[in-house]
Amino acid sequence: MTAALAAFRDAYADALRRHLDSPTQAGLAEGYDLGRRALVEGISLLDLTENHFRVVQAAQQPADDQDAKLAETALEFLLQTLAALDIATRGFLDGNRRYEQQRSRADDLAGRDAFRTALVESLQDGFFVADAHGTIVEVNSAFGALTGYGAADIPYPLPHPWSMPEGPRYPDLGTEAQRFVIPIQHRDGRIVWLAVSTSALIKPENNEQIFVGTIRDVTAEHDAQARDQAASRLATAVGAATSVVEVLAVGLDELRRTVGAETAVVSVWPSRNTGPEVYVSGGARLAERSANTGENLPVGETTRQSTPDAPALDARARALLERARRRPGRSLIAIPEGTDSSEGIVAPLGETGDAALWLRFAAPRAISAADWTLFSLLIGHLSLAVQRARNFDQARSTSLTLQRAMLGPIELPPRFSVHYEPALPPLEIGGDWYDVVPLRDGTIGIVVGDCVGRGLSAAVVMGQLRTAAQTLLLGGAGPAQLLAELDKVAVRIPGAMCTTVCAAVLDPVRGLVRYSSAGHMPPILADVGQPGRLLEGGRSVPLATFEVPRRPEATTALTPGSTLVLFTDGLVEQRGVDIDDSFAKICAVLEDTPGRLPREVADAVLSRLRPAAGYDDDVAMVVYRQPPAPLRLDVPANPDQLSAMRRSLKAWLAAAAVPHDLASDLIAAANEACSNSIEHAYRNGALPASRPVRSTDVSMGRATGSTELPDAGRVQLTAECDTQTVAILVTDTGTWKPRSADPGYRGRGIDMMRALTEELEIDHTGPGTRVRMSVTLPAIKSPVANPLRGTQRRISS
């Protein structure tokens, strides 16, 4: 027996005896405490019970009446003592039961975790778990395969190692977007597009928020969408282009930016007998190579160049393009061939073997299957656009040929200019027309008309009316008679109803214009230095509308140097603009153009009235300049007067509608004649000794620094013109100096004057010398329509 058990027995016996002697609640409480002590000290239940019964037997007396009551009190004490042990036993059993339940639950959870792990690992999509701060704390193997970052290196805090610094910012998990697409950089360097889907959860054990999500590789879908968008952008960019030049000007820039190329070059061979035209977009690297090799290369913008005049590519590039254009259509070649890294690609454009494309990358790179698909798609779109533009060019060429046959003459009489601007590109043809017809009596017939409608149908009507009007003019019909006869013709032509026409007959010699208008815009006449005024006489209804007894006619004088403009309504009728304001603008322009050529007058009028979006209707215009009054200059025979004489003569020649190149020849010849008079006619006169001396080089009119002539001598210059010729007369009152047998490097003035003019007459038989020079004004070579749009276009890259 241990000391603890002995001490417990003694304590228990004493407590039990006291309770048997005097049963109280305190005694029971002491028994309960002894039960707890037994539990703490590990007293056996058997020892406690044995000790209890021994104490009770010792306390009983034989045949004692109190035995029953004593036994009941003793049992009550024992039960109170055992109560603590009973509670502990039941708690132990409950604990064992809970343990078994928890163990069973843990085993079940372990099974479930194994199932969850197997399920997550079986997913084809990447799976991840992130904490509230965005740190990735759990991933599956698919996540590692998609990103290159697996479970071995977990956790992955922000910024995640696969994020791209230059890429878009991650949406905040669970706030901005639960589904999003974002590019990442795979561990091997590839760019991968991932579709991310996330959900927010709360952990039950600590109420912490976590995020679970999946990722899926959508690179193929993204590339396909990007290809479609790139093709759409390219198709939109070249959709409005109507010439090969315009297609390449905008298409090469878009193509270069889309594929990430530094330079895009296209060579086009217009024919077998000419070199290629080169179109370049970009060109920074080409400029660098130009500095190293001395080649003439484009810099900083998209340009169009012709290689025979300015070779824009080195021999290797030209050879690549030459070889590429001979390959089958829609074939792409990586340069250099057979390597993993390419400097660029070359490809034929179109199916005719006359164009090739070269795309040069900024640095060599690998070309993936997706790249090949993108390149093929874009180059195919560009090829189709080039072919479509060629079809437009052919249609334009056909329409221009038709227009040349239907519109006014190619060669106009002097002092005329015509202009036609269509409202329907690219056909370049419509229902407006003009005609300028020289007549046998020296007069000139002018017809400007406008058929209802646009395009080819209106052009057919226009052609018939123009032919009829020209025939009537050549038959001697005046303006009113012409319109009256044209009325009968228009009635028989379908679509000719309401055609407006203005007919005029000019008499340049008498300075008169007769005109009649069938519902047309009034001509505008501007005297020198005066605003234009509308000629509103001779007006009547359009053709084929009402029966008119007779067409009216009006006559107006043409003052020397005046400008007459006839035009169709497309010039002045614009949406939202008062037609009177348009007339006022033309009148104001004509006031400021007395010294300009008729072609320059037409350009000034069109520039002043042209709407920002272009004309809504066709515009036909005829400009005529009446010969100006003669120019008469009488100046001292002094070299200082030569520059003023040249300026005055230049202004007069412009007013006389003399072409600039011919005017330059006449000015040089007149300057030579005046210089001869100044230098030689008064060579025997007295010179003032106090004045600086200098003379003028005979051939060039420049000061040479020899002598200055006295103020007594004078030089007269007279310039006159008629309908066909311009004559300049230079006279002086001095003496004639015969030509030297050996003039040396000087003395070539007369030869130069003879070379610059058609007729040269020098008369020195009387007092003084008369030099008369004359030229015949050439017919005006006038295009019937604008040049092809965009042929000289330069586009910034």
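**Figure 1. A657 sits in the loop between α15 (642–655) and α16 (660–681).** This is a predicted model, in which local features need pLDDT of at least 70, side-chain atom pairs count only at pLDDT 80 or more, and totals for chains, interfaces and linings use all residues. Residues are numbered from 1 along each chain as its sequence is written, and side-chain values use heavy atoms, with hydrogens and water left out. Helices (H or I, at least four residues) and strands (E, at least two) are DSSP runs, numbered from the N terminus. A657 is not a glycine, yet its phi is positive, near 60 degrees. With a relative accessibility of 6%, A657 counts as buried. Here buried means under 20% relative accessible area, exposed over 50%, and partly exposed in between (1.4 Å probe, protein chains only).

**Figure 2. A544 is another alanine with a positive phi, about 60 degrees.** The residue lies in the loop between β20 (539–540) and β21 (554–557). A544 has 14% relative accessibility and so counts as buried.

Figure 3. Of its 797 residues, 46% are buried. Among contacts (heavy atoms within 4.5 Å) with a separation of 6 or more, 62% are between residues 24 or more positions apart. The chain exposes about 39,600 Å², and carbon and sulfur atoms supply 53% of that area. Accessible areas come from the Shrake-Rupley method with a 1.4 Å probe; for residues, only the protein chains shown count as cover.

**Figure 4. I154 and P155 are joined by a cis peptide bond, with omega about 5 degrees.** P155 belongs to the loop between α5 (141–147) and β3 (179–185).

**Figure 5. A cis peptide bond also runs from I335 to P336, where omega is near -5 degrees.** P336 is in the loop between β9 (333–335) and β10 (342–348).

Figure 6. Two strands pair if DSSP finds at least two bridges between them. Strands of a sheet pair through backbone hydrogen bonds, either parallel or antiparallel.

**Figure 7. Five strands form an open sheet in the order β2-β1-β5-β4-β3, with antiparallel pairing.** At the edges are β2 (136–139) and β3, each of which pairs on one side only. Ignoring direction, neighbouring strands of this sheet are turned by 30 degrees against each other on average. Axes are lines fitted to C-alpha atoms, for helices over the stretch in contact, and angles run from 0 to 180 degrees between N-to-C directions. Strand β3 is linked by seven bridges to strand β4 (residues 191–202), and the two run antiparallel. In this pairing, I184 stands opposite V192 in β4. Helix α6 (residues 219–239) packs on the sheet and touches β4 and β5 (209–217). The direction of α6 makes about 125 degrees with that of β4.

**Figure 8. Ring pairs link F128, F143, Y149, Y156 and W162 into a cluster.** A pair of aromatic rings is described by the distance of the centres and the angle of the planes. Rings of Phe, Tyr and Trp (its six-membered ring) pair if their centres lie within 6.5 Å; planes under 30 degrees apart count as stacked, over 60 as edge-to-face and the rest as tilted. The count by this rule is nine aromatic pairs. Y156 and W162 have ring centres 5.3 Å apart and planes at 75 degrees, so their pair is edge-to-face. Y156 and W162 are both buried.

**Figure 9. F567 and F583 form a tilted aromatic pair, 6.3 Å centre to centre with 50 degrees between the planes.** F567 lies in strand β22 (residues 563–567) and F583 in helix α13 (residues 579–591), so the pair ties together parts that are 16 residues apart in sequence. Both F567 and F583 are buried.
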